[in-house]
Amino acid sequence: MLPARAVYTEEHEMFRDAVRGFVKAELTPHFARWEEEGIVDRAMWTKAGEAGLLCPQVGDAYGGVGGTFRHNAIVVEELAYAGMAGPQTDLSVHNDVCAGYLISLGSEEQKQRWLTGMVSGKTVCAIAMTEPGTGSDLQGIKTRAVRVDDNFVINGSKTFISNGQHSDLVIVVARTSDTPGSKGMSLILVEADRPGFRRGRNLEKLGHLSSDTSELFFDDVTVPVSNLLGAEGTGFASLMSELPQERLTLAVSSMASAQKAFDITRDYVNTRRAFGKTIMDFQNTRYKLADLKAELSVGWAFVDQCLEKHDRHALTSADASIAKLWCTEMHGRLVDTCLQFFGGYGFMREYEICKLYADARVQRIYGGTSEIMRELISRSL
């Protein structure tokens with residue numbers, strides 16, 4: 001089970017119990033079907049909103065519970081530990097990424113218009129950064145938003161967009177000037193019912209099967225200038241200011257998923273027998289599990305330091321990058337080692353360790369690859 005940690009109070013643990021109850025009642029009965037269909041039911045969003053799982057950091061002025069990012073982290077931990085990487089990704093993009101931009105950059109009118117719907121589940125939000133051929137190179141974005149009177153006309157395409165099929169609102173990263181590099185980029189809110197907005201296919205993935213991940217296309221999509229999120233031309237700076245929270249979220253999810261892989265492996269090796277004794281009786285097993293236990297303990301300690309710093313607005317980009325790099329790389333090593341103990345059964349998708357292995361791989365890619373994390377960390381040296 002997830003370890004008890006001093007970073008959480010009794011009130012946090014009460015919220016955790018509510019999240020855990022929601023997972024058991026509303027997600028578990030449907031999860032296998034969602035994995036097969038490649039998407040969750042749209043009703044999941046409104047049910048999550050009713051249960052208080054959506055944007056818990058949002059204040060009561062917009063219908064939220066007025067928590068902190070620690071409440072967000074609890075949602076991430078519980079879904080990740082339950083092995084529900086798809087719904088966890090969906091909610092995390094909505095809660096931890098998109099809501100963060102609206103809270104930090106949104107005008108009062110924008111917050112009133114969209115945050116309330118995001119809290120209730122009426123409005124599902126996605127963020128469209130990645131484009132075909134750009135990957136982690138955000139400065140290479142080519143989607144354009146041209147000012148025409150009091151509107152922006154947007155043309156371009158995006159890919160690998162989580163919540164792409166269900167999204168009602170998309171935060172689009174686009175160029176609003178010809179200035180090269182990081183300058184001239186802006187964030188623009190685009191409603192999914194705008195003429196010219198089109199969803200591509202729901203992409204098939206290695207893991208996170210029930211998370212809808214899509215291509216999005218913008219063909220002369222016209223939105224009012226009032227849909228600009230933050231100041232024009234400051235999009236890249238806004239991304240850099242909000243990405244540390246996303247990377248901390250990924251570290252948290254990797255820790256919870258790694259803990260689950262460790263726990264089910266520990267239970268398995270204590271019951272599985274080979275050569276007349278349990279697998280746990282072999283020194284190799286005990287020593288490898290001891291190493292994994294040590295890595296988990298170190299990872300939780302650093303993540304909790306980062307959670308505490310983030311609540312004080314003191315989390316640096318370097319610390320968030322370290323957390324994302326170390327926890328996701330550790331997650332990959334751990335789940336690979338754990339799967340090996342299951343032998344051939346570990347390669348069968350009906351075994352949870354196989355799903356955890358597949359779900360782990362993307363953690364080192366999205367939100368900034370491990371290579372990008374190393375680059376960011378090196379700049380702080």
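Modeller: Three helices, α5, α7 and α10, each supply at least two residues of the lining of the largest cavity. α7 has the largest share, with three residues. This is a predicted model, and every value here is computed from it.

The structure holds one cavity of 30 Å³ or more. The volume of the largest cavity is about 80 Å³. Its lining numbers 13 residues, and Ala 85, His 208, Ser 257, His 331 and Asp 359 are the closest to the centre. By class, that lining divides into eight polar, four nonpolar and one charged.

Now the helices around it. Two packed helices are described by the angle between their axes and the distance between the axes. Take α7 and α10. Their axes come within 10 Å and cross at roughly 155°. Angles over 145 degrees count as roughly antiparallel, and α7 and α10 are therefore roughly antiparallel to each other. The crossing of α7 past α10 is left-handed. On the α7 side, the contact is made by Ser 257, Lys 260, Ala 261, Ile 264 and Thr 265. On the α10 side, Glu 352, Ile 353 and Leu 356 make it. By class, the contact of α7 with α10 has four nonpolar residues, two polar and two charged.α5 has a packing partner of its own, helix α4, which covers residues 69-81. The axes of α4 and α5 come within 9 Å and cross at roughly 170°. This angle is also over 145 degrees, so α4 and α5 are roughly antiparallel to each other. From α4, the contact takes Phe 69, Asn 72, Val 75, Val 76, Leu 79 and Ala 80. From α5, it takes Pro 87, Gln 88, Leu 91, Ser 92, Asn 95 and Asp 96. The classes here are seven nonpolar, four polar and one charged.

The largest pocket has a volume of about 1200 Å³. It is lined by 45 residues, and Thr 130, Ile 365, Tyr 366, Gly 367 and Gly 368 are the closest to its centre. α5 (85-105), α7 (235-269) and α10 (352-360) each give two or more residues to this lining, as do β3 (151-162) and α11 (370-379). α7 gives the most, with eight residues. The lining has 19 nonpolar, 17 polar and nine charged residues.

The second largest pocket has a volume of about 410 Å³. Of its 15 lining residues, Ser 104, Glu 242, Gln 245, His 310 and His 313 are the closest to the centre. Two or more residues of the lining come from each of α5, α7 and α8 (283-311). Here too α7 gives the most, with four residues. By class, the lining has nine polar, four nonpolar and two charged residues.

To sum up, α7 makes the top contribution to the lining of the largest cavity, of the largest pocket and of the second largest pocket.

Key. Residues are numbered from 1 along each chain as its sequence is written. This is a predicted model: local features need pLDDT of at least 70, side-chain atom pairs count only at pLDDT 80 or more; totals for chains, interfaces and linings use all residues. Side-chain values use heavy atoms; hydrogens and water are left out. On a 1 Å grid over the protein atoms alone, a cavity is a set of points where a 1.4 Å probe fits but cannot get out, and a pocket is an open set with protein on both sides within 12 Å along at least five of seven lines; lining residues have an atom within 4 Å of a point. Grid points are joined across faces, edges and corners, and a volume is the space filled by probe spheres set on the points. Ala, Val, Leu, Ile, Met, Phe, Trp, Tyr, Cys and Pro count as nonpolar, Asp, Glu, Lys and Arg as charged, and the others, Gly among them, as polar. Axes are lines fitted to C-alpha atoms, for helices over the stretch in contact, and angles run from 0 to 180 degrees between N-to-C directions. Angles under 35 degrees count as roughly parallel, over 145 as roughly antiparallel, 65 to 115 as roughly perpendicular and the rest as oblique. A crossing is left-handed if the near helix is turned anticlockwise from the far one by less than a right angle, and right-handed if clockwise. Contact means heavy atoms within 4.5 Å.
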